[in-house]
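Here is my note on this structure, point by point. Please keep the sequence and the 3D view open as you read.

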Amino acid sequence: MSADPATVAAARHVLAHLGVTLADLESDAGVPVSLPTVAEYLPRVIAAAGPGARRTYGTYWERMAAAWGDWPLNRVTASDIEAMKQEMIATARSRRNSRNGRHAGEHVIAAARAFYSRAVADGLIDASASPAHRVAKPRRLPSTRRALTPYELEEINAVARTSGNDVILDALLLRLHTESACRRGGALALRLIDLDRPSGLVRLAEKGTVRWQPITLDLAEHLYEHAHARGALVSTDRLLRYRNGQPISSRRYDHLWKRIGDRLPWVAAQGISTHWLRHTTLTWVERHFSYGVARAYAGHTDSPGPSTTTYIKADLHAVADALSAMTDQPHPLATMEGTSHAWPMTIRR
């Protein structure tokens with residue numbers, strides 16, 4: 001017969017008040033406590049995780065369940081996790097931005113730590129008993145990304161505009177990422193309601209934050225025309241769409257850069273991707289304006305950093321000033337005239 005839920009809840013409340021976990025009772029009092037298995041507990045971990053965590057760690061959680069599914073949580077050791085890390089490094093698929101499996105090794109440990117952090121939060125094990133937190137993460141290598149030169153950027157855009165089965169979409173994607181420095185997730189999430197054409201703004205939801213980002217009025221109009229021509233009518237409809245009216249997915253980016261790399265060998269050799277456009281724009285803004293404006297342009301205003309960043313915050317008008325100078329186009333929110341720093345790029349209809 002199962003215990004009364006109210007009684008169980010009361011017991012957990014008392015244990016929490018005393019600062020005692022089930023693991024304490026098992027180890028100190030010798031009372032056998034039945035912990036869930038890895039496979040039994042995984043659905044609770046997935047349900048409590050955000051979309052980003054599920055996307056990043058889901059594959060590794062499935063690997064854990066396949067390897068240790070029948071094991072109770074306290075049976076998995078640091079050596080087990082270390083062995084899985086080495087296996088994932090050795091079998092990692094080679095990609096354009098591959099670092100010899102290093103990222104896969106990092107993700108194994110991060111996924112295991114997220115899994116056991118949830119078990120600690122639920123009071124199933126003590127924080128000191130987490131095997132995942134006893135395994136050191138590989139030291140992250142310096143990023144190979146850099147700012148593209150104007151010539152390189154123009155070459156990439158020229159290929160996108162003259163090849164492929166949807167040059168209008170590809171030109172819009174590159175222009176959007178160059179102007180706004182948004183991430184792929186931010187672009188994919190854009191809806192009609194996130195486009196403010198008169199103000200030259202798009203609302204970006206990415207990395208757990210939401211912000212309004214200035215774009216040129218020219219790009220805003222092209223985005224609106226693109227969305228309506230391809231069937232976006234309701235305010236919550238996605239903005240970027242294939243010619244058949246379906247919203248694009250991340251696969252569009254994969255095909256785009258594969259095509260560009262086939263025609264520009266240096267793009268494939270260096271593993272250039274959409275995120276390099278973000279580096280390019282933010283580097284330009286920092287060089288011609290300031291670090292504070294670059295932080296605001298990137299959406300990093302509220303992220304942790306040196307205490308000095310408290311005093312150098314830039315507002316939306318400063319970001320619009322930088323955009324206007326970079327594109328040599330006026331913007332409704334800009335407070336200064338365009339400068340000779342213009343970095344012209346064109347949208348081809």
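This is a predicted model: local features need pLDDT of at least 70, side-chain atom pairs count only at pLDDT 80 or more; totals for chains, interfaces and linings use all residues.

1. Start with helix 3, where Val38, Tyr41, Leu42 and Val45 are buried. They sit on the same side of helix 3, because they cover an arc of only 120 degrees around its axis. Turn to the other side of helix 3 and you find Glu40 and Ala47, both exposed.

2. Now the nonpolar cores. Which residues have the most contacts inside the largest one? They are Trp61, Trp68, Leu73 and Phe115, in a core of 30 residues. Four helices each supply at least two residues of this core: helix 3 (38-48), helix 4 (51-68), helix 5 (78-91) and helix 6 (102-121). Helix 6 gives the most, with nine residues. As background, nonpolar side chains tend to be buried together in soluble globular proteins.

3. Look at Leu73 in detail. Set aside its neighbours within four places in sequence. Leu73 is then in contact with Leu35, Pro36, Thr37, Val38, Tyr41, Phe115, Tyr116, Ala119 and Leu124. Two of these names, Val38 and Tyr41, belong to the buried residues of helix 3. Another core lies apart from the largest one. This other core has 22 residues, including Leu172, Leu188, Leu190 and Ala232.

4. Next, a helix pair. At what angle do helix 8 and helix 11 pack? The angle between helix 8 (residues 167-180) and helix 11 (residues 250-263) is about 95 degrees, and their axes are 11 Å apart. Helix 8 is therefore roughly perpendicular to helix 11; the range for that word is 65 to 115 degrees. On the helix 8 side, the contact uses Leu169, Asp170, Leu173, Leu174 and His177. Helix 11 brings Arg252, Tyr253, Leu256, Trp257 and Arg259. By type, the residues of this contact are six nonpolar, one polar and three charged.

5. Last, two backbone details. Lys207 is not a glycine, yet its phi is positive, near 55 degrees. Where does Lys207 lie? It is in the loop between strand 2 (201-206) and strand 3 (209-214). Is Lys207 buried or exposed? Its relative accessibility is 69%, so Lys207 counts as exposed; the cut-off is over 50%. Asp328 also has a positive phi, of about 60 degrees, although it is not a glycine. Find Asp328 in the segment after helix 15 (316-327).

Definitions and conventions
Residues are numbered from 1 along each chain as its sequence is written. Side-chain values use heavy atoms; hydrogens and water are left out. Axes are lines fitted to C-alpha atoms, for helices over the stretch in contact, and angles run from 0 to 180 degrees between N-to-C directions. Angles under 35 degrees count as roughly parallel, over 145 as roughly antiparallel, 65 to 115 as roughly perpendicular and the rest as oblique. Contact means heavy atoms within 4.5 Å. Ala, Val, Leu, Ile, Met, Phe, Trp, Tyr, Cys and Pro count as nonpolar, Asp, Glu, Lys and Arg as charged, and the others, Gly among them, as polar. A nonpolar core is a set of buried Ala, Val, Leu, Ile, Met, Phe, Trp, Tyr and Cys residues joined through side-chain atoms within 4.5 Å. Buried means under 20% relative accessible area, exposed over 50%, partly exposed in between (1.4 Å probe, protein chains only). The arc is that of the directions from the helix axis to the C-beta atoms.
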